[in-house]
Amino acid sequence: MNRPDDYLNADYSVSSWLLTTDHKRIAILYLLSITLFFFVGGAAAVLFRLELMTPPGDLVGPETYNKLFTMHGVVMVFLFLIPSIPAVLGNFLLPMMIGARDLAFPKLNLLSWYLFILGSAVATTAILMGGLDTGWTFYTPYSTMFAHTNVVTGVLGVFIVGFSSILTGLNFIVTTHKMRAPGLTWFRLPLFVWALYATSLIQVLATPVLGITLLLLVAERGLGIGIFDPAIGGDPLLFQHLFWFYSHPAVYIMILPGMGVVSEIITCFSRKRIFGYPFIAFSSLAIAALGFLVWGHHMFVSGQSAYAGMVFSILSFLVAIPSAIKVFNWTATLYRGSISWQTPMLYALGFIGLFTLGGMTGLVLATLAVDIHVHDTYFVVAHFHYIMVGGMVMAYLGGIHFWWPKMTGKLYSEWWGRVSAAVIFIGFNLTFFPQFVLGYLGMPRRYHAYPDEFQVLNVLSTAGASILGAGYLLPFVYLLLSLKYGRDAGRNPWQATGLEWRTPSPPPTENFARVPEVREEAYAYGAEEAP
Amino acid sequence: MTTPHVRKGTPPKVYVSVYAVLLALTGLTVAAARFDLGRFNLAIALAIAGTKALAVIVYFMHARSAGRLIWLFAGAGFFWLAILITLSLYDPLTRGWLPPPEW
Ligand SMILES: [Cu+2]
């Protein structure tokens, strides 16, 4: 039967997209918007990586350089990474994974997207007006007293985008509580749903603090109300406390959903039940909760109290435990599994290795005395790119490749998929591994010029970045081509478990003809599990 | 799916009177600002603001008739606020404990 009754073909009018309340269409709207911003943020990175090929500042001046890395950070963090997996894959999959026809509040979901578009438009306006140069962290007193760039406009854009994030989180929490199919108990939920739930808790609990902080910044910069400036009664470290109260948990907004994706992919392509389901589920919640107690590790050299530094250092070590639990359980799932090396699996395995390296170097940074040496160097830059790019972007691409057949009904070229996963892995490591060394040798971050002895490693990094960039363009091309030339995927091309695979691809607007009833645990890949 | 915890038909009278109370408390804040009560300035302003927030939560946000899960989430919000305040205060309150080294 070829009658187009799926969500993509239900209606072709522009208004049917812009006014849709279908979670799947909203996911596609997010996919298109954040892909655009990914390439905008990437373009800024191309420019400053080119500048860093040579020691003197010859391609761009210091002001432009500062604006470029600020634009890269703001766009990548707030307009790409934070919405990436939750707003695209989460929106698309959460209702289908729990056997629902939509999210709990479909109109609120559409409002989230419009707030995202409004906020990103304001932020883009700030860029077009000449940009801002504070770095994505907007630290005071620079952002309040010294910067002559478009700080207020940029900050207001981020402020608005925050509301989009809060509403998505709220929607997911209520949906997970209220809309599960009959028989789908909490411990039968896919681990991606647990990860989204933990992420949503952070989005709801932390993002308001970011909003308040940014408003206080605007109040001091614009109205001279003393919040952060000691000369008018403020505390100079208060901004950093408030900012990192959001922004450290925000790191987990950016990594937890990726961990959820990896749990789904690893178990599917090992043809095995996942090892230690409750441990993975609860470690997501543990990461979300502990993540709120560690923010002071960004402030070890800020003049913060030495005792606070010690407490934050110890608490930061604790976060390694639930993270390691996940890595061990994924590895144990692979053990004696019948592993197949399809594209999503390559991304997931890449994630495990790169996330582990990123996490371990995080422990180095959480160590008080060592942090004095490597603080504000390229070591830090390399560390968080291993988490956010090596971790989250790999997981995002893995998830896109895993569920692309479900979202579009088409299969992409498996050969090109594997090639691009390999190119991205190689390009990524060549870009960022030299930065660990650079930082350890003492090259500070955020400078457009540097001493001659750092050039070799910088050239390696820039060469890696061009490979990485090519690697990112590949999926963009072959995934688009698959829409026209790809074979039909069928319901379940990977023979995966999970309710989303029981509906046609692409799914009908209502997801399920009949609401499914769940009688078994997730990941019943049982057959090959014999000892 | 119906949401059983939202009490249907809270009389408009309740909303109007809570609104009036909120306005009155705003007036009280303005009035209190005219007197310098020293260290009590902040305490009084915060007490009034807290009362208003409570009224909004209990009546406008229907917390009064809400189920346990809603209370759990509302409580979590306050718990996380407490984390923000205590761990942030830990820094300025202990900043002076360690005398700066003599260089
Ligand atoms: Cu952190």
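Me: Happy to start with one residue: in which helix of chain A is A:Thr199 placed?
Reply: A word on the ground rules: residues are numbered from 1 along each chain as its sequence is written, chains are lettered from A and ligands numbered from 1 in the order in which they are written, and side-chain values use heavy atoms, with hydrogens and water left out. This is a predicted model, in which local features need pLDDT of at least 70 and side-chain atom pairs count only at pLDDT 80 or more, while totals for chains, interfaces and linings use all residues. Helices here are DSSP runs (H or I, at least four residues; strands are E, at least two), numbered from the N terminus. By that numbering, A:Thr199 sits in helix α7.

Me: Is A:Thr199 buried or exposed?
Reply: The relative accessible area of A:Thr199 is 1%. Buried means under 20% and exposed over 50%, with partly exposed in between (1.4 Å probe, protein chains only). A:Thr199 is therefore buried.

Me: Which backbone oxygen does the side chain of A:Thr199 reach?
Reply: Contact means heavy atoms within 4.5 Å, and, not counting residues up to four places away in sequence, A:Thr199 touches A:Pro86, A:Ile253, A:Leu256 and A:Pro257. A polar contact is a pair of N or O atoms within 3.5 Å; within protein, one must be able to donate a hydrogen and the other to accept it, and residues adjacent in sequence count only if both atoms are side-chain atoms. At 2.7 Å, the side chain of A:Thr199 reaches the backbone oxygen of A:Ala195.

Me: Which residues coordinate the copper ion?
Reply: Donors are N, O and S atoms within 2.8 Å of the metal (3.2 Å for Na, K and Ca); water is not among the atoms, so sites may look incomplete. Along the chain, the donors of the copper ion follow the spacing H-x48-H-H. At 1.8 to 2.0 Å, the ion is coordinated by A:His248 (ND1), A:His297 (NE2) and A:His298 (NE2).

Me: Does A:His298 count as buried or partly exposed?
Reply: A:His297 has 16% relative accessibility and so counts as buried. The relative accessible area of A:His298 is 23%, which makes A:His298 partly exposed.

Me: How much area do chain A and chain B bury between them?
Reply: 24 residues of chain A are in contact with 17 residues of chain B. Buried area is the accessible area (1.4 Å probe) that two parts lose on being put together, summed over both. Carbon and sulfur atoms carry 77% of the buried area, and the total is about 1800 Å².

Me: Which residue of chain B forms a salt bridge with A:Asp235?
Reply: A salt bridge is a side-chain nitrogen of Lys or Arg within 4 Å of a carboxyl oxygen of Asp or Glu. Across the interface of chain A and chain B, the rule finds 1 salt bridge. Its closest N and O atoms are 3.4 Å apart, and the partner of A:Asp235 is B:Arg95.

Me: How many helices are there in chain B?
Reply: From the N terminus on, the elements of chain B run α-α-α. Of its 103 residues, 17% count as buried. Chain B has 0 strands, and its helices number 3.

Me: Which residue is joined to A:Pro141 by a cis peptide bond?
Reply: Most peptide bonds are trans. A:Pro141 lies in the loop between α4 (106-128) and α5 (142-146) of chain A. With omega at about 0 degrees, the cis bond joins A:Pro141 to A:Thr140.

Me: What is phi of A:Arg446?
Reply: A:Arg446 lies in the loop between α14 (414-440) and α15 of chain A, and at a relative accessible area of 27% A:Arg446 is partly exposed. Most residues other than glycine have a negative phi. For A:Arg446, phi is positive, near 70 degrees.
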